[in-house]
Amino acid sequence: MKAALEALVKRTNDDAFVTIKDRTSGKWVQFLVFGRPGDPISLYLPLKALDDEEAKRAARYFADLGISVSDGEFQAYVGSFDHDHERAAKVAIEVLMTIYELPGDFEMQIQAN
């Protein structure tokens, strides 16, 4: 996962992303690079992907990180991790285990475009 996130900031396509998800439940969190290679890694987690209980846990979790819901039609938690792919990887695991309450032995799937 860290390697996929590290490679993300070097990619040249303008829609670069890495999705980290649980193979069984399909629950996921996504990281994007908006713009050019070298731009910061941004977390993206749309509210529509969360049920009511997950949304409550997300509000508490992201408040502690200083990340809020974006304005606009597609409301989502969006937060920058600069170029810190290790911190982004840590947050990805925490999102899957804290917000989605997945077990510690969940089967991770990583997808990149």
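**Exercise 1. Which residues is histidine 85 in contact with, leaving aside its neighbours within four places in sequence?**

Solution. 
- Contact means heavy atoms within 4.5 Å. By that rule, histidine 85 is in contact with Lys2, Leu5, Glu6 and Ile41, its neighbours within four places in sequence left aside.
- Histidine 85 is found in helix α3. Helices here are DSSP runs (H or I, at least four residues), strands are runs of E (at least two), and both are numbered from the N terminus.
- The model is predicted: local features need pLDDT of at least 70, side-chain atom pairs count only at pLDDT 80 or more, and totals for chains, interfaces and linings use all residues. Residues are numbered from 1 along each chain as its sequence is written, and side-chain values use heavy atoms, with hydrogens and water left out.

**Exercise 2. Decide whether histidine 85 is buried or exposed.**

Solution. 
- Take the cut-offs: buried is under 20% relative accessible area, exposed is over 50%, and partly exposed lies in between (1.4 Å probe, protein chains only).
- Histidine 85 has 17% relative accessibility, so it counts as buried.

**Exercise 3. Trace the pairing of β2 with β1 and β3.**

Solution. 
- Two strands pair if DSSP finds at least two bridges between them.
- Strands β1 (residues 17-22) and β2 run antiparallel, joined by five bridges. Lysine 21 has tryptophan 28 as its bridge partner in β2.
- Five residues lie between the strands of this hairpin, where glycine 26 takes a positive phi near 80°.
- β2 also pairs with β3 (residues 41-46), again antiparallel, over four bridges.
- Two bridge partners in β3 are leucine 43, for phenylalanine 31, and tyrosine 44, for glutamine 30.
- Strand β2 (residues 28-33) is mostly covered, with five of its six residues buried.

**Exercise 4. What is the order of the strands in the sheet, and which are the edge strands?**

Solution. 
- The open sheet of five strands has the order β4-β3-β2-β1-β5, with antiparallel pairing.
- β4 (76-80) and β5 (108-112) are the edge strands, each pairing on one side only.
- The twist averages 20° from one strand to the next.
- α2 packs on the sheet, touching β3 and β4, and its direction makes about 25° with that of β4.
- α3 packs there too, touching β1, β2, β3, β4 and β5; its direction makes about 15° with that of β3.
- Axes are lines fitted to C-alpha atoms, for helices over the stretch in contact; angles run from 0 to 180 degrees between N-to-C directions.

**Exercise 5. Which residues of the largest nonpolar core touch the most other members?**

Solution. 
- A nonpolar core is a set of buried Ala, Val, Leu, Ile, Met, Phe, Trp, Tyr and Cys residues joined through side-chain atoms within 4.5 Å.
- Among its 29 residues, Phe31, Leu43, Leu45, Phe62 and Val95 touch the most other members.
- α3 gives the largest share, seven residues.
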